[in-house]
Amino acid sequence: MSPGSSESAAGGETGDKHSLTMKIKSILRKYDVGSRYTHFSLPKASVLLPLLIRQGKLHLLLTARSMNLKTMPGDVCFPGGRQEPSDQNDIQTALRESKEEIGLCPEQVEIVGKLVPYISKAPTYLITPVVGIVDDTFQPAPNPSEVTDVFLVPLEFFISSDHYTPLHLIKPYFGAHIIHRFRYQDVDTKKVFNIWGLTAHFALLLAVILLEKGPSFDLEFDLESRLQGCEKALQDFHHQSKL
């Protein structure tokens, strides 16, 4: 290939990434909750949903927690954690935790929105998912005391029925509830990871929003109804907590 052709190809790839980035921003504007839930008087936590563009496709970056941690050792999760007094908001919490856990600097992330939060149980936290687009130059530097693995999963994986298993539960305030579980094998390391619970919930929600199609394992999935249900559960919990 001639030098001119190489430059043209590189320019095309850059253009595709720019177009995809603009599309992500445009879509997420509709679903960004902004400061809608910041007034909730609950302990707060945040997770970063880090998006990376690889070969024209969206991927999510996930981590596996250290086996030495007291809570959820070995579980797959997004970078994140509890809000500290020094954090000004949910976004700052997600960015600080991401830098501590995997060496992701704030200047390497473009924040594009926040999705509907989730209330965890025992202990109770209002957990806010913060969506960010990560720069191509990022190289993970996991903190071994907190993280054992950092890996990428194609976003479309989370709407596929391959390697998916549902768990049906009844949860307070949320009623009949499905816990999603995905089994993913990393293409590079060949390690197998179980992605489930809240991590799978946020990943599935983001995948449906950005890919603009429902999961093949739930043909009746309705995004607007699902989001309304999540928001109603939050409002009900908030109302009950004030009684």
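**A walk around one predicted chain**

Okay, let's start with Asp-149: at 16% relative accessibility, this residue counts as buried. Buried here means under 20% relative accessible area, exposed means over 50%, and partly exposed is in between, with a 1.4 Å probe and protein chains only.

Quick housekeeping. Residues are numbered from 1 along each chain as its sequence is written, and side-chain values use heavy atoms, leaving out hydrogens and water. What you see is a predicted model, so local features need pLDDT of at least 70 and side-chain atom pairs count only at pLDDT 80 or more, while totals for chains, interfaces and linings use all residues.

Back to Asp-149, which sits in strand β8, residues 147-154. What does the side chain of Asp-149 pair up with? It makes a polar contact of 2.7 Å with the side chain of Lys-191. A polar contact is a pair of N or O atoms within 3.5 Å; within protein, one must be able to donate a hydrogen and the other to accept it, and residues adjacent in sequence count only if both atoms are side-chain atoms. Leaving aside neighbours within four places in sequence, Asp-149 is in contact with Leu-62, Thr-63, Ala-64, Lys-191 and Phe-193. Contact, by the way, means heavy atoms within 4.5 Å.

Ala-64 turns up again with Gly-74. On the same terms, beyond four places in sequence, Gly-74 is in contact with Ala-64, Arg-65, Ser-66 and Met-67. Gly-74 lies in the loop between β2 (57-65) and β3 (76-77), and it is partly exposed at 32% relative accessible area.

Now for Val-33. Look in the loop between α1 (3-29) and β1 (44-54). Is Val-33 buried or exposed? Buried, with a relative accessible area of 7%. Asp-90 belongs to helix α2, residues 90-102, and is buried at 6%.

One more helix: α3, residues 197-211. The expected span of a helix is 1.5 Å times one less than its number of residues. The 15 residues of α3 should therefore span 21 Å, and its end C-alpha atoms are 21 Å apart, which agrees. Of those 15 residues, 13 are buried.

Let's zoom out. The chain has four helices and 11 strands. Its radius of gyration is 18 Å, close to the 18 Å that the globule rule gives for 243 residues, so the chain is as compact as a globular protein of that length. That radius is taken over C-alpha atoms, and the rule is 2.2 Å times the number of residues to the power 0.38. Of the 243 residues, 44% count as buried.

Finally, how confident is the predictor? The mean pLDDT of the chain is 90, and 91% of its residues reach 70 or more. That score is the predictor's confidence in each residue, from 0 to 100. Over residues 1-11, pLDDT stays under 50, and the model has one contact beyond four places in sequence for that stretch.

Conventions
Helices (H or I, at least four residues) and strands (E, at least two) are DSSP runs, numbered from the N terminus.
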